[in-house]
Amino acid sequence: MTHDPNGAPPGGVLERLTAALGAEENRRGPPPVDRWNPDYCGDIPMRIAADGTWHYNGSPITRPALVRLFSTILRCDPDGRTVLVTPVERVGIEVEDAAFLAVEMAVEGEGDARAIAFRTNLDDVVPLDEAHPLRVERDPEGGFKPYIAVRHGLWARLTRALAYDLVDLCEEREDEGETWFGLAAGGRFHRIARSTDLTAAGPS
């Protein structure tokens with residue numbers, strides 16, 4: 001895909017994507033992006049920064065309603081590419097870390113019966129359950145970054161403060177012959193790290 005000297009894609013990608021969603025505005029529920037498979041039209045200069053802000057042509061997108069609109073047509077394709085998709089167009093964007101940030105956590109109950117839900121920076125509410133598992137990545141210093149699955153192959157990274165709150169709920173358990181540090185919730189034990197791998201680094 002070529003761009004003009006000012007960095008804008010031909011035809012105005014933002015305008016085209018917004019216009020393509022016009023027919024979907026009255027649909028109940030989120031757009032069915034998992035059923036849309038238009039041709040891939042190349043990458044556009046859009047980026048989701050590690051702090052959750054969206055940028056276009058190097059500048060932050062300052063309209064929250066526009067960011068929320070675009071977030072509803074975001075998905076991760078099987079090849080790992082993050083795309084914005086409408087019934088007529090599919091374009092790739094850059095994601096520095098995760099598509100969303102988990103910024104709030106609600107907890108009810110204890111043990112395996114504990115219910116936990118997260119709110120993202122774009123106001124998605126995601127329960128911790130089989131369909132929305134935790135994923136934990138380790139960094140070279142031994143710290144860890146927890147993520148919660150949101151939808152369509154996309155994840156939300158827990159903020160550092162929220163990660164520490166999550167750690168306060170964790171415990172050690174024997175699981176399949178090994179001792180794991182993890183979290184009991186949603187009727188199961190969610191592994192975070194082997195106890196032998198724990199370091200003092202904590203969330204990163």
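Is E96 buried, partly exposed or exposed? With a relative accessibility of 43%, E96 counts as partly exposed, where buried means under 20% relative accessible area, exposed over 50%, and partly exposed in between (1.4 Å probe, protein chains only). Bear in mind that this is a predicted model, where local features need pLDDT of at least 70 and side-chain atom pairs count only at pLDDT 80 or more, while totals for chains, interfaces and linings use all residues. Residues are numbered from 1 along each chain as its sequence is written, and side-chain values use heavy atoms, leaving out hydrogens and water.

E96 has a partner: R47 forms a salt bridge with E96, their closest N and O atoms 2.7 Å apart. The term covers a side-chain nitrogen of Lys or Arg within 4 Å of a carboxyl oxygen of Asp or Glu. This pair links distant parts of the chain, 49 residues apart, with R47 in strand β1 and E96 in the loop between β6 and β7. Strands here are DSSP runs (E, at least two residues), numbered from the N terminus. R47 is partly exposed because its relative accessibility is 23%.

Now hop over to R75, in strand β4 (residues 74–76). At 8% relative accessibility, R75 counts as buried, and D77 is buried too. The side chains of D77 and R75 meet in a salt bridge (2.7 Å, N to O). The R75 side chain also reaches the backbone oxygen of W36 at 2.7 Å.

Across the whole structure, a search finds 16 salt bridges. R68, E104, R119 and D123 are linked in a network of them.

Terms used:
Helix = DSSP H or I, 4+ residues; strand = E, 2+ residues; numbered from the N terminus. Polar contact = N/O pair within 3.5 Å; in protein donor to acceptor, adjacent residues only side chain to side chain.
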